[in-house]
Structures are given as structure tokens and as C-alpha cells.
Amino acid sequence: MTIAFQMLGAPGHDNALLVRVQTGQTIHRLLLDCGAGCLDAVPVAELQAVDHLLFSHLHMDHVAGFDDFFRHTFNRLDRPNTVWGPPHTARIVHHRFQGYMWNLAAHLEATWYLHDIGAERVGRWRAEAAEAFATLHEEPPLPRQPVIAHHDYSVHAIPLEHGTPSLGYLLRESPRVNVAPARLAALGMRPGPWLQQVKHPRPGDSPSVEVDGEHYDVGRLRDILLSETQGDTLAYLTDFALSEGDMEQVVEALRGCATLVCESQYCAADEELARRNHHMTAARAAELAARAGVGRLVLFHLSRRYTREEWSLMLEEARALFPRTELPWDV
């Protein structure tokens, strides 16, 4: 498995991130934010296959493209329709649902689940297409962490401050469980369907497995045959500023992350302006990456106040502190 991402939008304009968790057998798609025009380059079939939409916050440049997404998914039935974000996400997105005429809603069947990720829990509401999305039905809350728990990956929320609550997201691919062929051969055993029970035991499974007429203890076979490697990780942080205390908390959350996708609205010379507007400079993002020991830093969400040449200088400012920094576009 691996985590791949596609930056949507352009420098100086609204951005979003399309993430694909690829297992070799299936692809899980997550859309992080949804700025204006960001989905123009995404085929409709790909949009319809997005499993989760997660907002960092609900400022206009991060939600203005939602209508494009909703247009192609409002009555989607082949998978759950889920939206996540900080407090007030459900209320704001529900207003978006109600911004259309639904006189033909009686034949619709889709259900949408809207989530407010708070400090202690995740509030959850349900809206029904057949009701013309008229009512927001409150559902039982969910645990705070992880926000999404799938057997192939998990998503954790990182609280950030942007003059309003903002959220970063950390995606963790589940550990990869592999069978050591040499150990299998040393036991004189051949691969077969029985290996699935050893690799992925489920509640209620027998504690033993039959192989070529012999019964073996599943726990012992796991100890002998399996090795586990950590999965890929990706973090997405945008529209925030860091006090020194906040820096330490975010550093701990990101410790050892493979890829950090982080906003860099301003150059180092405009640090005071960045602080007033609750944004990051490229240098500050690089400091965060260095202190967290991430594998690489990808800068995005660059301010249009700068020229392309100045964007290149911002990249150099970051590389002076964290050499493994890159931009997702040619500037």
C-alpha cells in the first residue's frame, strides 16, 4: 500500500488535495478542502469515488468548490456520503444543501452524514435527500481520535488556530503484514487461502488452521511467519499560525511523518503580516518540518501577492532550513 496525492488548484489561487490510499486491490480517495475551480481537472468518475470530504475550516476559499462536488454526488448510493470539519461544519454544509430547489426530491435515496470535530468528541448529523435535505437529524457522537478508522488507513485531526478553529489531518496507512517466504519454506508449508486467516484473523475465527491435513496454532504461525512494517503517512496543514506552545504540540503530532503538505502564504520578510493574518511563512513551515523530522515538505497555498520569481525565493528560504522541501507546481 502507499499514499499518493494530487494537488488541485494553482499557486496564488484556491487549493485542495486529493489523496489516494492504494492497497493494490482497492483505492481509497479522500478530498481535503474544496476551493473554487479545484475540481476542474478531476474526472467525474473520480469525484464520484471520493470516500470522504474533509474541510480544514469553512472560509470561502476552502469551501467554494463544494457545489461542483455535490452536483455529482448528491444522490450517491454506492458508498457513504461523509463530510468532516471543525465545529459548525454540519450547520454550514447543511445550508449549502438547502441552497437549491428540490422539487423532484421524492425519488432520491441518498443519506449524508455531516461531522463536527470538537475537542472532546465528534458531533454527527444526518440529512436525507428524500426530505429535500430539510432537516438535520442529530446522531450519536463519535470518538475524537482517530476521526476515521478503516482497516486500511486512519485519519487523525490536528487542532490548529486561524483566528477560528482549523484542522490539520494526519493520514496513516495501516501497518503492512507480510509473509516471510523463507520461513514458510522452512516449515515445509505451501501458500494457500489459509494464510488469510493467519494474516488477518477475525473475531470468532478458530484458534487453529488446517494446512495439508495438519492443524496449527494461528498465534504461533503469526509469530513465525509474519513481519510487520509501518505504513506510509501524510499530513495536510493549512491556514494556521503557531505560537511556540502550539509548535511543540504539532511537532509531536507530526513526529516522523513521511510527507508534510503545508501552507506557506508569506515570505520570511512578511512574517509580521503572516502572524496578523494567522498564516505561515515558508521559513516557519520549514522549521516545523525540521523539528518534526518529517521525510519531505511540500509547500502550497502560496499568496498571489507574490510573483512567480518570489515564489521561487520562498522555496529557497524553506530549503535553507529544511533541504527536502519542494513545490507541487513548476513556478
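Met7 is buried, with a relative accessible area of 12%, where buried stands for under 20% relative accessible area, calculated with a 1.4 Å probe on protein chains only. The model is a predicted one, in which local features need pLDDT of at least 70 and side-chain atom pairs count only at pLDDT 80 or more, while totals for chains, interfaces and linings use all residues. Residues are numbered from 1 along each chain as its sequence is written, and side-chain values use heavy atoms, with hydrogens and water left out.

Met7 lies in strand E1 (residues 2-9); strands (E, at least two residues) and helices (H or I, at least four) are DSSP runs numbered from the N terminus. Leaving aside neighbours within four places in sequence, Met7 is in contact with Asn15, Ala16, Leu17, Val261, Phe300, Pro328 and Trp329, contact being heavy atoms within 4.5 Å.

Elsewhere to follow is an open sheet of seven strands, with mixed pairing, in the order E9-E10-E11-E16-E17-E18-E19; two strands pair if DSSP finds at least two bridges between them. Strand E9 (148-149) and strand E19 (325-326) are the edge strands, each pairing on one side only. Within the sheet, strand E11 (residues 165-173) pairs with strand E16 (residues 233-237) in the antiparallel sense over four bridges, and Leu170 has Ala235 in E16 as its bridge partner.

Helix H8 (residues 244-254) packs on this sheet, touching strand E10 (153-161), E11, E16 and strand E17 (259-263).

Terms used:
Buried means under 20% relative accessible area, exposed over 50%, partly exposed in between (1.4 Å probe, protein chains only). Axes are lines fitted to C-alpha atoms, for helices over the stretch in contact, and angles run from 0 to 180 degrees between N-to-C directions.
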